[in-house]
Amino acid sequence: VPGREGILIHTGNDPIKDSEGCILVGYDANDKGVARSRICFNELFAWLSEANKSQVIAVEIREDK
C-alpha cells in the first residue's frame with residue numbers, strides 16, 4: 001500500500017469497511033466480501049505460532065477475480 005508500513009493480517013468481511021489496506025483472510029470470497037474470516041485467521045495464527053522459528057514462511061497475496 002503506497003505510503004503505508006506495517007500492513008497487518010486480520011479478520012474482517014468487508015474489504016472497504018474492515019480494512020484500510022490490510023490483508024483480510026478467509027476461506028471464501030465473493031463480490032460481497034470475505035467469508036469465514038475468524039475461523040481462517042484462528043487456524044492461520046495457530047499454524048504460524050507452531051512454526052519452527054528457523055523456518056521461512058512465505059505468503060502469497062492474490063486477488064481472485
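What share of the 65 residues in the chain is buried? Buried residues make up 15% of them; a residue is buried under 20% relative accessible area, exposed over 50% and partly exposed in between, with a 1.4 Å probe and protein chains only.

## Basis of the report

The model is predicted: local features need pLDDT of at least 70, side-chain atom pairs count only at pLDDT 80 or more, and totals for chains, interfaces and linings use all residues. Residues are numbered from 1 along each chain as its sequence is written, and side-chain values use heavy atoms, with hydrogens and water left out.

## Overall layout

The chain holds one helix and four strands, in the order β-β-β-β-α from the N terminus. Helices (H or I, at least four residues) and strands (E, at least two) are DSSP runs, numbered from the N terminus.

A contact means heavy atoms within 4.5 Å. Of the contacts in the chain between residues at least 6 apart in sequence, 16% join residues at least 24 apart. The chain exposes about 5700 Å², and carbon and sulfur atoms supply 52% of that area. Accessible areas come from the Shrake-Rupley method with a 1.4 Å probe; for residues, only the protein chains shown count as cover.

I9 lies in strand 1, which covers residues 9-10. I9 is partly exposed, at a relative accessible area of 34%. Leaving aside residues up to four places away in sequence, I9 touches I23, V25, F41 and L44.

V59 sits in the segment after helix 1 and is exposed, with a relative accessible area of 56%.

## Helix 1

Helix 1 spans residues 37-50, and F41 and F45 are four residues apart in it, about one helical turn. A search of the whole structure finds one aromatic pair. The ring centres of F41 and F45 are 6.1 Å apart and the planes are at 25°, so the pair is stacked. Rings of Phe, Tyr and Trp (its six-membered ring) pair if their centres lie within 6.5 Å; planes under 30 degrees apart count as stacked, over 60 as edge-to-face and the rest as tilted. F41 is partly exposed, at 22% relative accessible area.

S37 is also in helix 1, and at 4% relative accessibility S37 counts as buried. Not counting residues up to four places away in sequence, S37 touches H10, T11, G12, N13, V25 and G26.

## Salt bridge and cysteines

One salt bridge is found in a search of the whole structure; the term means a side-chain nitrogen of Lys or Arg within 4 Å of a carboxyl oxygen of Asp or Glu. The bridge joins the side chains of R36 and D28, at 3.1 Å from N to O. R36 is partly exposed at 46% relative accessibility, and D28 is partly exposed at 37%.

The search finds zero disulfides in the whole structure, a disulfide being a pair of cysteine sulfur atoms within 2.5 Å. C22 is buried, with a relative accessible area of 16%, and C40 is buried at 12%.
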